[in-house]
Amino acid sequence: MKAIDRPLLAARIAAWSLGGIPLLRLAWLVWQGHLGANPVEFLEHYCGDWSLRLLLATLAMTPLRKLSGRSEAIRVRRLLGLWAFFWVCTHFAIYLTFDLEWSAAALAKDLIKRTYITIGFAAWLLLLPLALTSTKGWQRRLKRRWAQLHKLIYPAAALGVLHYIWLVKADLREPLLYLSILLVLLGMRVPWRGILRARSLSRSAP
Amino acid sequence: MLIRILPPNALRESDVTPEPMYLDRRRFLAGMGIGVAALGLPLTACSDDGKSAVLAPLKLARHTEEAGGEKVTEFETVSTYNNYYEFGTDKSDPARNAQSLKTRPWTIKVDGECEAPGTVDIDSLLAGTLEERIYRHRCVEAWSIVVPWDGFALGPFLKRFKPTSKAKYVAFETLYDPKQMPDTRYGVLDWPYVEGLRIDEAMHPLAFLSVGMYGKVLPNQDGAPLRLTIPWKYGYKSIKAIARIRFVETQPPTTWNKMAANEYGFYSNVNPHVDHPRWSQARERRLGELFKRDTLMFNGYPEVASLYAGMDLKRYY
């Protein structure tokens, strides 16, 4: 019998919980009719918030591996990414259903005229191929290009945060919090040490 | 003109408990009536659960339906979904936080370009003749409600102060007290909240001052003790918790216009043909409905159109 990989199991449970518990909570709120005075707005904001949170959680896995030295972080990264995509799709579907009533013409109009919608749509579009090629088969088929393709999560997350900043009326505190977390997570990927060393070398050169 | 400011313990004819109210004492006691109000006691009291305030019923001289027979939005919705940044930027914040606002004692200072400036006590306004008007209310964020507002016409009220020919505009100001308004600590907007109308807009028969809604005094989160109600303009023009009114010669600054002049104009008339730079104003979601409906020009009050005759509404948004 194969021994249970406990740390991996714990990481998987954590990832499923992060993506799934908000869904269970949402189902409960819908069931109880606790969506407030403007249910559609509540659903859009709820799904949008969890899209960003899951995207940031996905981006946190690489730095987490670096800091902790544990590979489990990378092994649940795809799961988190797929949950993020799930929440983005839910967010988009609610907008298409209740704001546009699935009118292609209305969508086209919004995409042309409403920059924050263009930005949000672009983020969804960037995530789409990542979700489609998330399987092992595609990973094998695309080889090195797979890793390159999946770098699209960086612009997608940046566009997601920008989409939020763009639609807020006056209170930027929450969207800027997301932006700060995103900048920290991206900043941790920059090889600062190498850059600093290169600088000091060039300075000491004659 | 003479503005009579009553001593706090004065009783008048209108303070006599009306017979139906007397016969319905239990409900009357639960709500506390006009008589108590005139004694300077708070109009709201906490009910048994300590959360929801019990609001005093108002005596209304007449009811006017001005929303084309559309279904009135539920009181629960109107009192829990508020834009009132002094008490938080989430729609559910004001219902929770606005209970810290003390609406008694409360006076409204009226001055500026007028012959009879004065200070009015809110209780003298509540003791006056009140009427109910059912109006549509359209927020700039593209949601809307239908509300029975209780109060009195703005024009006749303003005329009591005898505005002079220099009074081209009317400026309104909300109370500014960080102790009572916790979120004014954050510079989300420039406090105090200020709004304004052109004098002819203010004198239009539809322009209204509300002290109540749904037959009861206003909940704090809806603008107690006195708020403006301008049904043909976006909601933020209808300033809440008014502490000061001034007649002025030049167009007064308005809060959202100062915040983003390209997005929020001085006029802010509901107009489905002029979009907010970031979103469409063509449609709106009536709270209580899932799908959107078309927004009406001037929010369905075409009688105000003559106020803007010859004006380019794309420019004067």
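This is a predicted model: local features need pLDDT of at least 70, side-chain atom pairs count only at pLDDT 80 or more; totals for chains, interfaces and linings use all residues.
**Figure 1. Cysteines in the two chains.** Cys114(B) counts as buried because its relative accessibility is 11%; buried means under 20% relative accessible area, exposed over 50%, and partly exposed in between, with a 1.4 Å probe and protein chains only. Cys47(A) is also counted as buried, at 0% relative accessibility. Residues are numbered from 1 along each chain as its sequence is written, chains are lettered from A and ligands numbered from 1 in the order in which they are written, and side-chain values use heavy atoms, leaving out hydrogens and water.

**Figure 2. Where chain A meets chain B.** Here 18 residues of chain A are in contact with 30 residues of chain B, contact meaning heavy atoms within 4.5 Å. Together the two chains bury about 2000 Å², with 51% of it on carbon and sulfur atoms; buried area is the accessible area (1.4 Å probe) that two parts lose on being put together, summed over both. On the chain A side, look for Ala37(A), Arg114(A) and Lys169(A), which supply 33% of the area that chain A buries against chain B, more than any other three residues.

**Figure 3. Glu303(B) and its surroundings.** You can find Glu303(B) in the segment after β15 (293-294) of chain B. At 38% relative accessibility, Glu303(B) counts as partly exposed. Leaving aside residues up to four places away in sequence, Glu303(B) touches Glu66(B), His204(B) and Leu206(B). Trp232(B) is 71 residues from Glu303(B) in sequence, and their C-alpha atoms are 9.7 Å apart in space.

**Figure 4. The second largest pocket.** About 840 Å³ of space lies in this pocket. Of its 29 lining residues, the closest to the centre are Ile74(A), Arg77(A), Arg78(A), Trp146(A) and His150(A). On a 1 Å grid over the protein atoms alone, a pocket is an open set of points where a 1.4 Å probe fits, with protein on both sides within 12 Å along at least five of seven lines, and lining residues have an atom within 4 Å of a point. The volume is the space filled by probe spheres set on the points, which are joined across faces, edges and corners.

Methods
Helices (H or I, at least four residues) and strands (E, at least two) are DSSP runs, numbered from the N terminus.
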